Amino acid sequence: RFNRQFDFLDWDTNDCTSCFRDSARKEGFVLECGVEDLVRESCSKLRLLSGWGNGRDVMKLWGETKQERAVRMSSAGDEVQRMIKLSDVRKTVEKLIESRSYMSTQ
């Protein structure tokens, strides 16, 4: 057992955006113009909802954005681009905000 408490400061929106961008680059993805701004704006909204978890939530945003991209690419035929589009992030953020908003009402 730990007899000390560890306090972890919440990330600001720039920390969140950097983590998302760095994760994309590390995995060989390119971000469409405007994605970083959308991530920054979205994280500022998500941070206000209950249950915010810094890196955990940014990585959830990243993972679910990749899933949205996969869905989009499955109907794209032969077009294979390692690009994250604004639409991928928007759909993911909508789902995350909806799920957090639902949690807040429970």
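These are my notebook entries on a predicted model of one protein chain.

**Ground rules.** I number residues from 1 along each chain as its sequence is written. Since the model is predicted, local features need pLDDT of at least 70 and side-chain atom pairs pLDDT 80 or more, while totals for chains, interfaces and linings use all residues; side-chain values use heavy atoms, without hydrogens and water.

**Overall layout.** I looked up the secondary structure and found four helices and two strands. Helices (H or I, at least four residues) and strands (E, at least two) are DSSP runs, numbered from the N terminus. The order from the N terminus is α-β-α-α-β-α. The chain has 106 residues, and 35% of them are buried. Buried means under 20% relative accessible area, exposed over 50%, and partly exposed in between, with a 1.4 Å probe and protein chains only.

**Helix H1.** I checked residues 13-26 next. H1 has 14 residues and spans 20 Å from its first C-alpha to its last, close to the 20 Å expected at 1.5 Å a residue. That expected span is 1.5 Å times one less than the number of residues. Its buried residues include Cys 16, Phe 20 and Ala 24. An α-helix has 3.6 residues a turn, so residues three or four places apart point the same way. After H1 comes Gly 28, with a positive phi near 80°.

**The core.** Which residues touch the most other members of the largest nonpolar core? I found Phe 20, Val 35, Val 39, Leu 61 and Val 89, out of 21 residues. Such a core is a set of buried Ala, Val, Leu, Ile, Met, Phe, Trp, Tyr and Cys residues joined through side-chain atoms within 4.5 Å. H1, H2 (35-46), H3 (55-74) and H4 (86-105) each give two or more residues to this core. H2 gives the largest share, five residues.

**Thr 65.** I found Thr 65 in helix H3. Is Thr 65 buried or exposed? Thr 65 is buried, at 0% relative accessible area. I listed its contacts (heavy atoms within 4.5 Å). Leaving out residues up to four places away in sequence, Thr 65 touches Phe 20, Ile 84, Asp 88, Val 89 and Thr 92.

**Cysteines.** How many disulfides does the structure hold? I counted zero disulfides, taking a disulfide as a pair of cysteine sulfur atoms within 2.5 Å. For Cys 43, the nearest cysteine sulfur is that of Cys 16, 4.2 Å away. Cys 43 is buried at 1% relative accessibility. Cys 33 is exposed, with a relative accessible area of 72%.
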